[in-house]
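The sequence and the model are shown first.

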Amino acid sequence: MFHWTVLEARLAGAEADPQVDLLSLVMNLGGRSQRRGLAALLEAGRGHPGLSGARSLERWLGEDDAGLEALRMVWLEWDAPFEGRTPLQLFAIDPRFWGPKDLLVTPRQQAEIAARGYEASFGQAHDPRVIARLEAAIACLPRGSMAIFAASLRPRGKEIDRLFVKIAPQHVPTWLAQIGWPGDLAAARHWLGRVIAPWEPAYLQVEVEASGLTPYLGIEPVQTAGTRSERRERERLLGGLVHDGWVDGEKVRALTAWGGTREVELDGEPAREVRSYHLKCVLEPGPGAARPVTIKGYLGVHYL
């Protein structure tokens, strides 16, 4: 039932955190019939420890929750070690993402999708202060931007939400200032210029809690699927990070070797396996942090 699977690893030295986290995407882009098919797959996997904590899937794929009908995608992220872990559940809060671009979607509607997803995940209403802050942050996005996903970090023991947005890099400092991001704006500018090519969109993650935003900032370039310009820009970035000692050269070589396509057979039918990767630069200053910046690599695979 997973349409896209991703493995997440820290690109620091081998002596650092060696764990690999697992992310999987479930999509319903085909309406009620596809939702029923996915529900049947979920039922067939009932009792599997990886799915037991993903309560939102059952609500979303069922027939009795009209409030989740606008939801088209759910990412599940299991942090290692996986035993007994409830996954993070990331909800696509803009139906135009991989969907019809002519829909009219308001920040209030997007915040409401996040609220319904939270309720489906944890069986209780979300804090209205968090929902209001999500709505306000979305409303501040400039034209051409998009708020894509929202997720609660409650499975990690934090009453904090993540908001994922797509935004042109030149608009990022203004948007961060407008939403009251309390982090180091100079550091954000530096890493934004280092990670994102000027002609590419920036994918950002900010953290929202009832009292405001945290200093956390995630910066991601587009998924690297094999085009020459994407490969060139990632190799430029990674080469500089290796040179400056931010990441481990052996892990970087493994990451960049991952991409490509090959012909395979799935259930007796020919298919194409597509491998891609992307990077994430996380600014997260805090007490006891040896380094305020973490670089992560994500290995993705899906089938066509």
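At 16% relative accessibility, Phe97 counts as buried in this predicted model, since the cut-off for that class is under 20%. Trp98 has a relative accessible area of 41% and is partly exposed. The rings of Phe97 and Trp98 are stacked, because their planes meet at 15 degrees, with the centres 5.3 Å apart.

Phe149 and Phe164 also form an aromatic pair, in this case edge-to-face, with 6.3 Å from centre to centre and 80 degrees between the planes. This pair links distant parts of the chain: Phe149 belongs to strand S5 (residues 146–152) and Phe164 to strand S6 (residues 161–167), and the two residues are 15 residues apart. Phe149 is buried, at 8% relative accessibility, and Phe164 is buried as well, with a relative accessible area of 16%.

The two pairs have these values.

| Pair | Centre to centre | Angle between planes | Arrangement |
|---|---|---|---|
| Phe97 and Trp98 | 5.3 Å | 15 degrees | stacked |
| Phe149 and Phe164 | 6.3 Å | 80 degrees | edge-to-face |

The whole structure contains 8 aromatic pairs. One aromatic cluster is formed by Trp4, Trp75, Phe97, Trp98, Phe149 and Phe164. A charged residue also meets a ring: Arg275 lies over the face of Trp258, 4.1 Å from the ring centre.

The cysteines remain to be described. A disulfide is a covalent bond that joins the sulfur atoms of two cysteines. The count of disulfides in this model is 0. Cys140 is partly exposed, with a relative accessibility of 28%, whereas Cys281 is buried, at 1%.

Notes. Residues are numbered from 1 along each chain as its sequence is written. This is a predicted model: local features need pLDDT of at least 70, side-chain atom pairs count only at pLDDT 80 or more; totals for chains, interfaces and linings use all residues. Side-chain values use heavy atoms; hydrogens and water are left out. A disulfide is a pair of cysteine sulfur atoms within 2.5 Å. Buried means under 20% relative accessible area, exposed over 50%, partly exposed in between (1.4 Å probe, protein chains only). Rings of Phe, Tyr and Trp (its six-membered ring) pair if their centres lie within 6.5 Å; planes under 30 degrees apart count as stacked, over 60 as edge-to-face and the rest as tilted. Helices (H or I, at least four residues) and strands (E, at least two) are DSSP runs, numbered from the N terminus. A charge sits over a ring if NZ of Lys or CZ of Arg is within 6 Å of the ring centre and within 35 degrees of the ring normal.
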